[in-house]
Amino acid sequence: MRWFAVLLVTCCSLPAQDSPGRLLQVDRVVATVNDSAILLSDLRRLAAGQIAATEQRLGRPLAPAESNAILARVLAPLIEKHALAQAAKNFDYMPASQVEALFQSEMSREANEQIRDLGTEQAFAAELANSGHTWQSYTRERRVDKMQDMALQLAMNARFAQHHNLLVTPRMMKEQLAAQRHLFEHGPRAELAWVTFQGPNAREEAGRAAELWRAENLTAQQVADRFQAAKATAQVGLRVTDETKQRLDELLVQFALGNPAGTVSPPLRLGGDWRVLRILETQAARTADFADPELQATLRNLCMRAVLDDYKQQATARAMRRTESWSILGR
């Protein structure tokens, strides 16, 4: 019903100097799914995090076209979500009245839990206000969330009936392994922490730090704190893997992959500085053997997720075909 595309307005009583009955825009409909409207205020709230992160990354406010592009990206899955929510009652897996009863029961349970946790109904209302909600907007949003979940569950239950154990076959698992073998087999790996030393006595100070680190179980930062005169700085989290070792100093790679966890290096000249490294963790090379039960369990889970994603896409497509949607963005 595209008549929802009109602006939402309200007539307000204004002071005498203003025009009585002037229409004030309080919100705007940016999309509809059948008789369900998606408001600009809700869309902006959902997109606020992405917009803020993009502005921080760019170091400037976004232009209107850039903001609209983000709003459009957020709106597309929101329309699908609304379509699935409406499909909960028209997928014909369960009477619409029963679906509505389940929703009302869930909302009552959720509200009672919130009131119990927060102490009073007033505290619950204040919590809603702090999150930018009214009870009406909260209920509307939870309806969409819960109805979407019910629609997906109903569709998947119907699809899985009688043949759940046949969804993932050994052939599917072997194909998954062949396509993503790099995820399951790798060469030896190591994770390092190190302390860098500068100044005229950097090498000597690094040697003293290496002896200290071998004698005491310290973090890299604790070691650096003991050698402030040498302008020591600490870093952690360097991973030596098949992917990273190609761009790391060969001396560092040899030390990391040739020693057990806990080993502290002698002072090493790396990148123009003197450094002392400690191996925090090592991992032996792994070969992907399909006969490995642990590997099969991982492959089965990956395949099941892929099947579920495929069924979710099919359910979403079916829901979209059963609804009429309209959007003011991305046209």
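Biologist: Where does arginine 181 lie?
Modeller: Arginine 181 is in the loop between α6 and β4. Keep in mind that this is a predicted model.

Biologist: How far is the C-alpha atom of arginine 181 from that of threonine 287?
Modeller: The two C-alpha atoms are separated by 9.3 Å, while the residues are 106 apart along the chain.

Biologist: OK, back up a bit. How many helices and strands are in the chain?
Modeller: The chain has 10 helices and 8 strands. It has 331 residues, and buried residues make up 36% of them. Of the contacts with a separation of 6 or more, 66% are between residues 24 or more positions apart.

Biologist: Let's do the sheet. In what order do the strands of the open sheet come?
Modeller: The order is β5-β4-β7-β6, with 4 strands and antiparallel pairing. The edge strands are β5, residues 233-240, and β6, residues 268-270, and each of them pairs on one side only. From one strand to the next, the twist averages 40°.

Biologist: Which helix packs on the sheet?
Modeller: Helix α7, residues 202-215, does, and it touches β4 and β7. The direction of α7 makes about 30° with that of β7, which covers residues 273-283.

Biologist: How many bridges join β4 to β5?
Modeller: There are 7 bridges between β4, residues 189-197, and β5, and the two run antiparallel. As one example, threonine 196 has threonine 233 in β5 as its bridge partner.

Biologist: And how many join β4 to β7?
Modeller: That pair has 9 bridges and also runs antiparallel. Valine 195 is bridged to valine 276 in β7.

Biologist: What about β6 and β7, over how many bridges do they pair?
Modeller: β6 and β7 pair over 3 bridges, in the antiparallel sense. Leucine 268 has arginine 275 in β7 as its bridge partner. The hairpin of β6 and β7 has 2 residues between the strands, and glycine 271 there takes a positive phi near 60°.

Biologist: Which residue has a positive phi although it is not a glycine?
Modeller: Lysine 231, with a phi of about 50°. Lysine 231 sits in the loop between α8, residues 220-225, and β5. It counts as exposed because its relative accessible area is 56%, and exposed means over 50%.

Biologist: Switching to helices. At what angle do α6 and α10 pack?
Modeller: Helix α6, residues 170-179, and helix α10, residues 293-321, pack at about 95°, and their axes are 9 Å apart. That angle is why α6 is called roughly perpendicular to α10.

Biologist: Which residues of α6 meet α10?
Modeller: They are Met172, Met173, Gln176 and Leu177. On the α10 side, the residues they meet include Leu295, Leu299, Arg300 and Val307. By class, the residues of this contact divide into 8 nonpolar, 2 polar and 1 charged.

Biologist: And how do the axes of α2 and α10 cross?
Modeller: They cross at roughly 80° and come within 8 Å, with α2 covering residues 64-90. So α2 and α10 are roughly perpendicular to each other. Ile79, Glu80, Ala83, Leu84 and Ala87 in α2 meet Ala315, Thr316, Ala319 and Met320 in α10. This contact has 7 nonpolar, 1 polar and 1 charged residues.

Biologist: Where does helix α1 bend?
Modeller: Helix α1, residues 40-58, bends by about 50° at alanine 47. Alanine 47 is one of the buried residues of α1, which also include Leu43 and Ile51. Just after α1, glycine 59 has a positive phi of about 75°.

Biologist: Last one. Which residues does proline 260 touch, leaving out those up to four places away in sequence?
Modeller: Proline 260 touches Ile279 and Thr282. It lies in the loop between α9, residues 250-257, and β6. Proline 260 is exposed, because its relative accessible area is 53%. The C-alpha atoms of proline 260 and arginine 278 are separated by 9.9 Å, and the residues are 18 apart along the chain.

Terms used. Residues are numbered from 1 along each chain as its sequence is written. This is a predicted model: local features need pLDDT of at least 70, side-chain atom pairs count only at pLDDT 80 or more; totals for chains, interfaces and linings use all residues. Side-chain values use heavy atoms; hydrogens and water are left out. The bend at a residue is the angle between axes fitted to the seven residues ending there and the seven starting there. Buried means under 20% relative accessible area, exposed over 50%, partly exposed in between (1.4 Å probe, protein chains only). Two strands pair if DSSP finds at least two bridges between them. Axes are lines fitted to C-alpha atoms, for helices over the stretch in contact, and angles run from 0 to 180 degrees between N-to-C directions. Contact means heavy atoms within 4.5 Å. Angles under 35 degrees count as roughly parallel, over 145 as roughly antiparallel, 65 to 115 as roughly perpendicular and the rest as oblique. Ala, Val, Leu, Ile, Met, Phe, Trp, Tyr, Cys and Pro count as nonpolar, Asp, Glu, Lys and Arg as charged, and the others, Gly among them, as polar.
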